[in-house]
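Subject: Structure for your review

Dear colleague,

My notes on what was found in it follow directly after.

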Amino acid sequence: QVQLVESGGGLVQAGGSLRLSCAASGRTFGSNAMGWFRQAPGKERQFVATINSSGRYTYYAASVKDRFTVSRDNAKNTVYLQMNSLKPEDTAVYYCAAGSLFITTISGYNYWGQGTQVTVSS
C-alpha cells in the first residue's frame with residue numbers, strides 16, 4: 001500500500017516557479033513509477049509528467065516539456081515537480097499518483113494523492 005500527500009501549491013504570477021512535493025508512506029515506494037496529473041475547472045484530468053521507479057527515466061506532456069521537471073528521492077519517499085515559467089493555463093489541481101508502470105494514462109496508476117491547487121495569475 002502507498003499513501004500519497006501533495007504539498008507546495010499556491011498562487012504565483014505568470015513566469016514564476018513552484019515546486020510541488022508528494023510524500024509517500026508505504027514500504028513499496030521505491031518500486032513504483034510516479035506520475036503527475038492536473039485537472040483544471042471544467043476540464044478532464046490530464047497527464048503532466050512521469051518518472052520510473054529509480055528516477056532514471058522521465059517523460060512529459062508536450063505542454064510542459066522544457067518548463068517542468070519531475071524528480072524523486074527514494075530515500076525520502078518523495079517525488080517532486082519543479083514548475084518554471086508558469087503560465088495561466090497551468091492553473092489546476094495537481095495530483096501525484098503511483099503505479100507499477102512507466103505510463104501516461106490515468107488507468108495506469110493505482111494510488112492517488114488528494115491534490116494541491118496551483119493558481120497562476122496573468
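Among contacts in the chain between residues at least 6 apart in sequence, what percentage join residues at least 24 apart? The figure is 57%. Please bear in mind throughout that this is a predicted model.

Overall architecture

The chain contains eleven strands and zero helices, so that its elements, read from the N terminus, are β-β-β-β-β-β-β-β-β-β-β. A compact globule of 122 residues would have a radius of gyration near 14 Å, and the chain, at 13 Å, agrees with this. The C-alpha trace spans about 40 × 25 × 25 Å along its principal axes. Of the 122 residues, 43% are buried. The accessible surface amounts to about 6200 Å², and carbon and sulfur atoms account for 47% of that area. As to charge, there are 11 positive and 6 negative side chains, and the centres of these two sets are 6 Å apart.

Aromatic residues

A search of the whole structure gives five aromatic pairs. One of them joins Phe-37 and Tyr-109 in an edge-to-face arrangement, with 5.3 Å from centre to centre and 80 degrees between the planes. Phe-37 belongs to strand β4 (residues 33-39), whereas Tyr-109 sits in the loop between β9 (92-99) and β10 (111-112); the pair therefore ties together parts that are 72 residues apart in sequence. Both Phe-37 and Tyr-109 are buried.

Another aromatic pair, formed by Phe-47 and Tyr-59, is stacked, with a centre-to-centre distance of 6.1 Å and 25 degrees between the planes. Because Phe-47 lies in strand β5 (residues 46-51) and Tyr-59 in strand β6 (residues 58-60), this pair ties together parts that are twelve residues apart in sequence. Phe-47 has a relative accessible area of 14% and is buried, while Tyr-59, at 48% relative accessibility, counts as partly exposed. One aromatic cluster is formed by Phe-37, Phe-47, Tyr-59, Tyr-109 and Trp-112.

The loop between β9 and β10

Ser-100 is also located in the loop between β9 and β10. With a relative accessibility of 56%, Ser-100 counts as exposed. Leaving aside neighbours within four places in sequence, Ser-100 makes contact with Asn-32, Gly-108 and Asn-110. Ser-100 and Ser-122 are 22 residues apart along the chain, and their C-alpha atoms are separated by 38 Å.

Backbone angles

Most residues other than glycine have a negative phi. Asn-77, which is not a glycine, has a positive phi of about 55 degrees. Ser-85 is placed in the loop between β8 and β9 and is partly exposed, with a relative accessible area of 41%.

Yours sincerely,
A colleague

Note on methods
Residues are numbered from 1 along each chain as its sequence is written. This is a predicted model: local features need pLDDT of at least 70, side-chain atom pairs count only at pLDDT 80 or more; totals for chains, interfaces and linings use all residues. Side-chain values use heavy atoms; hydrogens and water are left out. Helices (H or I, at least four residues) and strands (E, at least two) are DSSP runs, numbered from the N terminus. The radius of gyration is taken over C-alpha atoms; the globule rule is 2.2 Å times the number of residues to the power 0.38. Buried means under 20% relative accessible area, exposed over 50%, partly exposed in between (1.4 Å probe, protein chains only). Contact means heavy atoms within 4.5 Å. Accessible areas come from the Shrake-Rupley method with a 1.4 Å probe; for residues, only the protein chains shown count as cover. Lys and Arg count as positive and Asp and Glu as negative; His and the chain ends are not counted. The place of a charge is taken as NZ of Lys, CZ of Arg, CG of Asp or CD of Glu. Rings of Phe, Tyr and Trp (its six-membered ring) pair if their centres lie within 6.5 Å; planes under 30 degrees apart count as stacked, over 60 as edge-to-face and the rest as tilted.
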